[in-house]
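Please look over the sequence and the structure shown below before reading on. The report then takes up two topics in turn.

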Amino acid sequence: MEQSKSVVILGSTGSIGRQALGIAEAEGWRVMALAAGSDYVTIEKQARKFRPVLCVLDDVNAARQLKTALSDTDIKVLAGREGIGQIINEVPCDVIINAITGAAGLFPTLETVRSGRRLALANKESLVMAGGFIMAEARTRGAEIIPVDSEHSTIFRCLAGRAPHEIKKIILTASGGPFYGYTLKMLKNVTLEQALAHPTWAMGKRITIDSATLMNKGFEVIEASYLFGVGPERIEVLIQRESIIHSLVEYFDNSITAGLSVPDMRLCIQFAVNYPEIKPAVIEPLDLAAIGRLTFGRPDTGAFPLLRAAFDCLAEGGAMPAALNAADEVAVSAFLEGKIGFLDIPATVLQTLEHFSGRAFSGSIEEVLEFDRLAREYAGRILDRSKGG
Ligand SMILES: NC(=O)c1ccc[n+]([C@@H]2O[C@H](COP(=O)([O-])OP(=O)(O)OC[C@H]3O[C@@H](n4cnc5c(N)ncnc54)[C@H](OP(=O)(O)O)[C@@H]3O)[C@@H](O)[C@H]2O)c1
């Protein structure tokens, strides 16, 4: 009889993490460990249902609450980065799913790659911050990185092992977000509620705001470049409003291969864990005749400058992608807290990038972390100044 998969889910309380647990239930995966930030209420429920050997919360107080709540079980509870390290290095499993949001996902990505195990990677920020370093480490350790992001999962399938030199272009699709067609003037007064209302995907808050500014698509450009070994000049973004075509690969013979499905992240999570096997569907079938037509367009980098900024950061290299992520993370948090307007997000990020552009960079992970810290501080100061004046 076929052995069911054993998985670890980092970021289990979030949008991707919860969907991963849904598939775990449907396919009978053994859930070996769970980790999250501070949501001890949700992770307790998950732990009681899936019975992992270990649960970790980044927040020490939340971990204490969880430990008390689970004291009638034999589930071990740990806190912080050491706890996540223990999951990755000591808990046996087939696949580690990294669905932590933001820069906090970098350490788990690196540790997983260093452990030589399969990484189902949703946390794009780790590749944005340190893609060159992570991919080199994965090659050295023989670790597989299977992307979970829908565009990259699709490209991975389309490529089916073809080499980078055969690819003419990777075409990443984008829904365009809630503000597709908006001018800068119209964007000035958009609200948090509007920005959180994505037309096709239900996701965590940060990625939803990043989708509204097209920063998310910019991050995906950087992610694709590192994952598939293709430079920015061979990556294009295409608006595909219905989110049915999840990306395309154009070859040098001008043929194009595309991946289509209903927009549902469970397909990508299921695929990343089971690859190279294709398992029975956990998503609805696609009925193209019922959809009738698909709509395409070009992104407007005038109104959404962060997409262009991502291409520029990738081209400049060094620590620029890390600075891009850090500044965006700070600005999006401030927007989510109602402290700044929508257009203050690109303004803060662009000012930060201007400040860091041209800086020398050795390529070490320590330096990536240092740039991350400096860019956060700088972006924070910009926001403080704008509040003050
Ligand atoms: N959602 C999607 O459809 C989608 C699609 C493609 C890619 N992605 C990528 O997948 C990642 C997760 O996105 P999401 O939408 O699932 O985000 P989310 O709903 O905000 O969930 C984030 C998860 O990360 C955990 N977390 C936050 N900080 C942590 C820390 N320091 N240590 C450990 N865990 C921490 C959160 O725990 P708490 O709940 O305790 O805070 C939560 O479990 C992001 O990188 C995103 O870009 C998401």
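What follows describes the sheet and then the surroundings of the ligand.

## Basis of the report

This is a predicted model, in which local features need pLDDT of at least 70 and side-chain atom pairs count only at pLDDT 80 or more, while totals for chains, interfaces and linings use all residues. Residues are numbered from 1 along each chain as its sequence is written.

## The sheet

Strands of a sheet pair through backbone hydrogen bonds, either parallel or antiparallel. Here an open sheet of seven strands runs in the order S4-S3-S2-S1-S5-S6-S7, with parallel pairing; strands are DSSP runs of E with at least two residues, numbered from the N terminus, and two of them pair if DSSP finds at least two bridges between them. Strand S4 (76–79) and strand S7 (145–147) each have a single partner strand and stand at the edges, so one side of each is left without a neighbour in the sheet.

Strand S1 (residues 6–10) pairs with strand S5 (residues 95–98) in the parallel sense over four bridges, and Val 7 stands opposite Val 95 in S5.

## Around the ligand

The ligand has 29 residues around it, of which Gly 14, Gly 37, Ala 104, Met 203 and Gly 204 come nearest; a residue is near a molecule if its C-beta atom, placed from the backbone, lies within 6 Å of it. Helix H1 (15–27), strand S2 (30–36), helix H6 (124–141) and helix H10 (205–213) are the elements that give two or more residues to this shell, helices being DSSP runs of H or I with at least four residues. The largest share, three residues, comes from H1.

Domain 1 (6–147) and domain 2 (152–315) each supply at least three residues of the shell, with bounds that come from an automatic or database domain assignment.
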